[in-house]
Amino acid sequence: MKEIRKVVVHEAVIEEILGYIEENNLQPGDKLPPERELVKLLKVSRSTIREVLRTLEMNHVIKVKHGSGIFIASLDGVLLSQYSSSKDHKESFKLLKQIAQSRLMLETFCAVEIAKTITPEQVHMLYEHEKHENTLLTKDESELDYSIIPGLALERLISSFLGNPLLNDFHKEIAGAWQKYFQNINAMPLPPAVRHEHHLEIIKAIESGSDNRIRKAIKAHLSGTISIIDKILSND
């Protein structure tokens with residue numbers, strides 16, 4: 001079985017589900033709440049819940065029986081230990097939150113500003129860049145290029161259009177810290193499909209020239225990661 005790549009939001013949701021199992025003293029054979037209830041309980045998207053359930057099922061923690069429900073398959077300590085958050089891990093999340101907040105401010109400003117002057121050629125460049133990067137991210141696992149996970153190449157391309165070297169250098173530092181953190185823990189903040197969807201909406205928002213749409217798109221891209229980090233830190 002291929003190793004499943006970590007995704008920060010998904011790792012946190014998995015911890016919440018495992019906490020639910022422990023708090024309710026569920027045992028193998030017991031039933032978990034259905035997808036819709038998990039979405040409400042954990043305040044995440046249905047696609048996130050489905051990815052999490054697939055991860056748990058592939059690791060033999062749960063068994064999804066279509067038409068019947070979600071059942072506990074195993075509570076093997078070795079399988080579950082990989083999802084526990086250590087003190088050092090939570091300290092790292094504090095730094096990550098600061099980086100995410102910096103990204104939110106910088107990338108929103110750059111996108112709003114570039115929307116005022118962006119050319120059709122630059123818009124085309126953004127779409128082509130995202131198409132190429134998404135192709136790399138969605139290759140067969142054995143061919144995946146981990147060097148771009150989870151780089152901020154698209155975001156930096158957008159900010160580069162402003163032609164401000166100081167902003168470019170600042171964004172480069174933020175991107176380097178973001179990428180280094182995730183590579184160190186072999187993790188991704190979002191699954192490739194969700195990442196691609198968010199990036200396309202950001203490009204469309206810039207193309208539309210609407211400040212509100214741009215702010216909303218970038219906030220949607222980063223707020224999920226920030227809120228999950230807050231949830232992890234609140235349990236410290």
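## How to read the model

Because this is a predicted model, local features need pLDDT of at least 70 and side-chain atom pairs count only at pLDDT 80 or more, while totals for chains, interfaces and linings use all residues. Residues are numbered from 1 along each chain as its sequence is written, and side-chain values use heavy atoms, with hydrogens and water left out.

## How confident is the prediction?

Where pLDDT is low, the predicted coordinates should not be read in detail.

## The chain as a whole

You will find 10 helices and five strands in the protein chain. Both are DSSP runs numbered from the N terminus: helices are H or I with at least four residues, and strands are E with at least two.

Of the 236 residues, 43% are buried, where buried means under 20% relative accessible area with a 1.4 Å probe, counting protein chains only. Looking at contacts with a separation of 6 or more, 74% are between residues 24 or more positions apart.

## A three-stranded sheet

Now find the open sheet, in which three strands follow the order β2-β4-β3 with antiparallel pairing. Two strands pair if DSSP finds at least two bridges between them. The edge strands β2 and β3 each pair on one side only.

Strand β2 (residues 31–32) joins β4 (residues 69–72) through two bridges, and here K31 stands opposite F71. Strand β3 (residues 62–65) is linked to β4 by four bridges; V64 has I70 as its bridge partner.

## The hairpin and its helix

What lies between β3 and β4 in their hairpin? There are three residues, and G67 in the turn has a positive phi of about 90 degrees.

Helix α3 (residues 46–58) lies across β3 and β4, and runs at about 120 degrees to β3. Such angles run from 0 to 180 degrees between N-to-C directions, using axes fitted to C-alpha atoms, for helices over the stretch in contact.

Notes
Buried means under 20% relative accessible area, exposed over 50%, partly exposed in between (1.4 Å probe, protein chains only). Contact means heavy atoms within 4.5 Å.
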